[in-house]
Amino acid sequence: MALIDLTDIEHLYSGAQKPVHALRGVSLEIDAGEFVAITGASGSGKSTLLNIIGTLERASAGRYLFDGQRVEATPERKLANLRANKIGFVFQNFNLLDHLTVFDNIALGLRYRRDPVAGRRERILSVLDRVGLAHRADHLPRQLSGGQQQRCAIARAIVGDPQVVLADEPTGNLDSTNAGQVMGILEDINAQGATVIVVTHAPSQADRAGRIIELHDGRVHMTRRRLT
Ligand SMILES: Nc1ncnc2c1ncn2[C@@H]1O[C@H](COP(=O)(O)OP(=O)(O)OP(=O)(O)O)[C@@H](O)[C@H]1O
């Protein structure tokens with residue numbers, strides 16, 4: 001059984017002006033342990049699809065099974081719980097809290113989890129080490145470079161050891177060296193067993209994924225697996 005199983009997903013944004021049909025019948029399966037890149041032109045529906053996969057947004061129509069659970073039939077309270085325990089999010093703009101240190105920003109990744117408080121400090125220190133920020137634990141986000149801020153955000157996303165890491169243009173604000181480093185960390189997270197899904201429009205980064213899903217006008221235009 002696929003970890004993520006989407007069938008005929010439609011999404012309509014019905015704002016004040018004309019409604020936007022952002023997804024038009026997307027069906028796809030993603031297995032546990034895959035590293036998938038979602039690509040496509042601006043406006044093709046990549047972020048919408050990622051937000052639906054992450055249960056931040058509910059699809060207007062279609063069926064979504066996450067780890068066998070019917071998302072459309074799950075109340076919001078339970079979805080919040082699922083997100084806190086099983087999914088880590090990484091965004092283009094890092095979304096760190098300015099007034100908190102790197103350590104405390106990462107601690108936020110454990111806030112809504114049910115696991116015991118004992119051992120949290122060690123867990124945070126170990127993840128800081130993993131993203132190469134052990135020497136920056138007491139810094140504020142504004143004292144970090146963009147690449148370091150994104151590595152801090154990744155640490156926050158993975159500190160709870162999620163099954164799935166979803167990253168929306170995680171390298172969009174980074175130069176190529178930092179972008180390469182961030183992709184390397186995502187590869188490492190995947191190698192450790194997490195399913196990783198990255199939205200990117202950079203072909204050089206999409207090529208690092210095991211599978212590329214290209215959207216076009218709200219539909220899956222093409223799916224391609226890495227040859228090696
Ligand atoms: N909250 C919203 N309200 C109305 N329309 C929206 C909203 N969010 C996205 N859209 C529209 O839905 C379509 C798909 O948007 P989405 O952000 O998913 O595309 P994308 O492929 O991620 O684009 P980009 O690469 O520019 O980030 C676009 O036409 C966009 O304008």
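Which residue is the bridge partner of Ile38 in E8? The views below start there, and they come from a predicted model.

**View 1. Strand E8 and its two parallel neighbours.** The partner of Ile38 turns out to be Val199 in E8. That pair belongs with strand E3 (residues 35-40), which runs parallel to E8 and is joined to it by 4 bridges. Strand E7 (residues 164-168) also pairs with E8 in the parallel sense, this time over 5 bridges. Here Val165 has Val196 of E8 as its bridge partner. To get from E7 to E8, the chain passes through helix H6 (residues 176-191), and this β-α-β crossover is right-handed.

**View 2. Strand E8, residue by residue.** In a regular strand, side chains alternate between the two faces of the sheet. In E8, Thr195, Ile197 and Val199 point one way, while Val196 and Val198 point the other way. Are these residues buried or exposed? All are buried. With 5 of the 5 residues of E8 (residues 195-199) buried, the strand is largely enclosed by the rest of the structure.

**View 3. Leu186 and the largest nonpolar core.** This core holds 59 residues, and those touching the most other members are Ile38, Ile154, Ala155, Val165, Leu166, Leu186 and Ile197. Which residues does Leu186 touch? Leaving aside residues up to four places away in sequence, Leu186 touches Val165, Ala167, Val196 and Val198.

**View 4. The shell around the ligand.** There are 13 residues around the ligand, and Tyr13, Ser42, Lys46, Ser47 and Thr48 come nearest. Strand E2 (20-30) and helix H1 (46-53) are the elements that give two or more residues to this shell. H1 gives the most, with 3 residues. What is the make-up of the shell by class? It has 9 polar, 3 nonpolar and 1 charged residues.

**View 5. Helix H1 and the residue just after it.** In H1, 6 of the 8 residues are buried, so the helix is largely enclosed by the rest of the structure. The buried ones are Lys46, Thr48, Leu49, Leu50, Ile52 and Ile53. Just after H1 comes Thr55, which takes a positive phi of about 60°.

**View 6. The open antiparallel sheet.** Four strands make up an open sheet in the order E2-E1-E4-E5, with antiparallel pairing. E2 and strand E5 (69-70) stand at the edges; each has a single partner strand, so one side of each is left without a neighbour in the sheet. Strand E1 (residues 4-13) runs antiparallel to E2, and 8 bridges join the two. Look for Tyr13 here too, standing opposite Val20 in E2.

**View 7. Two loop residues with positive phi.** Most residues other than glycine have a negative phi. Phe94 has a positive phi near 70°, and it is found in the loop between strand E6 (87-91) and helix H3 (102-107). Why does Phe94 count as buried? It has 20 other C-beta atoms within 10 Å, and 20 or more is the cut-off for being buried. Asp161 also has a positive phi, near 55°, and lies in the loop between helix H5 (146-158) and E7. With 18 other C-beta atoms within 10 Å, Asp161 is partly exposed.

Definitions and conventions: Residues are numbered from 1 along each chain as its sequence is written. This is a predicted model: local features need pLDDT of at least 70, side-chain atom pairs count only at pLDDT 80 or more; totals for chains, interfaces and linings use all residues. A residue is buried if 20 or more other C-beta atoms lie within 10 Å of its own, exposed if 12 or fewer, and partly exposed in between; C-beta atoms are placed from the backbone. Two strands pair if DSSP finds at least two bridges between them. A crossover is right-handed if, with the strands pointing away from the viewer, the path from the first strand over the helix to the second runs clockwise. A residue is near a molecule or strand if its C-beta atom, placed from the backbone, lies within 6 Å of it. Ala, Val, Leu, Ile, Met, Phe, Trp, Tyr, Cys and Pro count as nonpolar, Asp, Glu, Lys and Arg as charged, and the others, Gly among them, as polar. A nonpolar core is a set of buried Ala, Val, Leu, Ile, Met, Phe, Trp, Tyr and Cys residues joined through C-beta atoms within 7 Å. Two residues are in contact if their C-beta atoms, placed from the backbone, lie within 7 Å.
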